[in-house]
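Please look over the structure below before reading the points.

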Amino acid sequence: MALRKSISLATLPLVMLILVVGSEAGGIVIYWGQNGNEGTLSETCATGNYNFVVLAFLSSFGNGQKPMINLAGHCDPYSNACVGLSSDIKSCQAKGIKVILSLGGGAGGYTLSSTQDARDLATYLWNNFLGGKSSSRPLGNAVLDGIDFDIEGGTSQHWDELARFLSKYSTRGKKVYLTAAPQCPFPDAWVGGALKTGLFDYVWVQFYNNPPCQYTSGDISNLKNAWKQWISSIPATKIFLGLPAAADAAGSGFIPVSDLTSTVLPAIKGSKKYGGVMLWSKYYDDQTGYSSSIKNHV
């Protein structure tokens, strides 16, 4: 009790400052949708571990193709079975978790062939997943919080235009968040141009499957140098450290929890743009408990 009484008014601003700094802790982003054995979307959000859940993926679109969502074993979009996810999405959002639809992924056929193609896709996304209206909403009437660009193929053209078209819908009431998952070599080969628009709220950079800019045991220099380049060059609200949630979730780049908490996070958390950690994916996180292990350190 004596120690508590000894706190003077002069120290209160410092105490308040500590509280404010503490409230700026990072969050965890998880990708969900590519393994039917990873639990439901509602169960994912009920863990309390995640601030963002990214639905993976809208894997076919552009150049005349009918846009199609692919959520692996979770539901069959061809029989309109994914509309059942609407209640799960709403339950996640009721917990303050943002639910984002990811475009692209490492497989699938997608590209944008023109400015009109980008405009048409933005219109489709607005009407079918965001705040617009359509008779064919694949996920039902739930309104998603935004769109994620996980572009790993096709061409590098017109993604900046898609970002501009989507951002204009934010003026219609609910904000449309724009996020992206570029590779850590800078600038990203696919969405590097789009990121320059300054329209992206959150960018979770994939610091894996790219040895020149990822962590290797005992050596943080490559990752740290790449991190500095990303936070200084990309006009986004927050930058996240993208990692595999298990060693077999990626070809390389897995960081053991002890290394992440003792070495990597302390080296990057001081950045004003630090947003937290993105994990691929919920299925692998279930195997390792990675998010639970790092939650209090992020």
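1. A residue is called buried when its relative accessible area is under 20%, exposed when that value is over 50%, and partly exposed in between (1.4 Å probe, protein chains only). C213 counts as buried because its relative accessibility is 5%. C184 also counts as buried, because its relative accessibility is 2%.

2. On the source: this is a predicted model, in which local features need pLDDT of at least 70 and side-chain atom pairs count only at pLDDT 80 or more, while totals for chains, interfaces and linings use all residues. Residues are numbered from 1 along each chain as its sequence is written, and side-chain values use heavy atoms, with hydrogens and water left out.

3. How many disulfides does a search of the whole structure find? The search finds 3, a disulfide being a pair of cysteine sulfur atoms within 2.5 Å. With the bonded cysteines of the protein numbered in sequence order, the pairing reads 1-4, 2-3, 5-6.

4. C184 and C213 are joined by a disulfide, S to S 2.0 Å. The link of C184 and C213 is right-handed, with 75 degrees about the S-S bond. C184 sits in the loop between β6 (177-180) and α7 (192-195), and C213 in the loop between β7 (202-206) and α8 (221-233), so the pair ties together parts 29 residues apart in sequence. Helices (H or I, at least four residues) and strands (E, at least two) are DSSP runs, numbered from the N terminus.

5. The sulfur atoms of C45 and C92 are 2.1 Å apart and form a disulfide. This link of C45 and C92 is right-handed, at 95 degrees about the S-S bond. Because C45 belongs to helix α3 (residues 41-46) and C92 to helix α4 (residues 86-94), the pair ties together parts that are 47 residues apart in sequence. C45 and C92 are both buried.

6. C75 and C82 form a disulfide too, with sulfur atoms 2.1 Å apart. The torsion about their S-S bond is about 100 degrees, so the disulfide of C75 and C82 is right-handed. Both C75 and C82 are buried.

7. A nonpolar core is a set of buried Ala, Val, Leu, Ile, Met, Phe, Trp, Tyr and Cys residues joined through side-chain atoms within 4.5 Å. The largest one has 78 residues, and those with the most contacts inside it include L55, L139 and W159. Helix α5 (residues 115-128) gives the most to this core, with 6 residues. A second, separate core of 18 residues includes F52, I100, Y177 and W280.

8. Which residues does L139 contact, leaving aside neighbours within four places in sequence? Among them are L55, C82, F129 and L144, where contact means heavy atoms within 4.5 Å.
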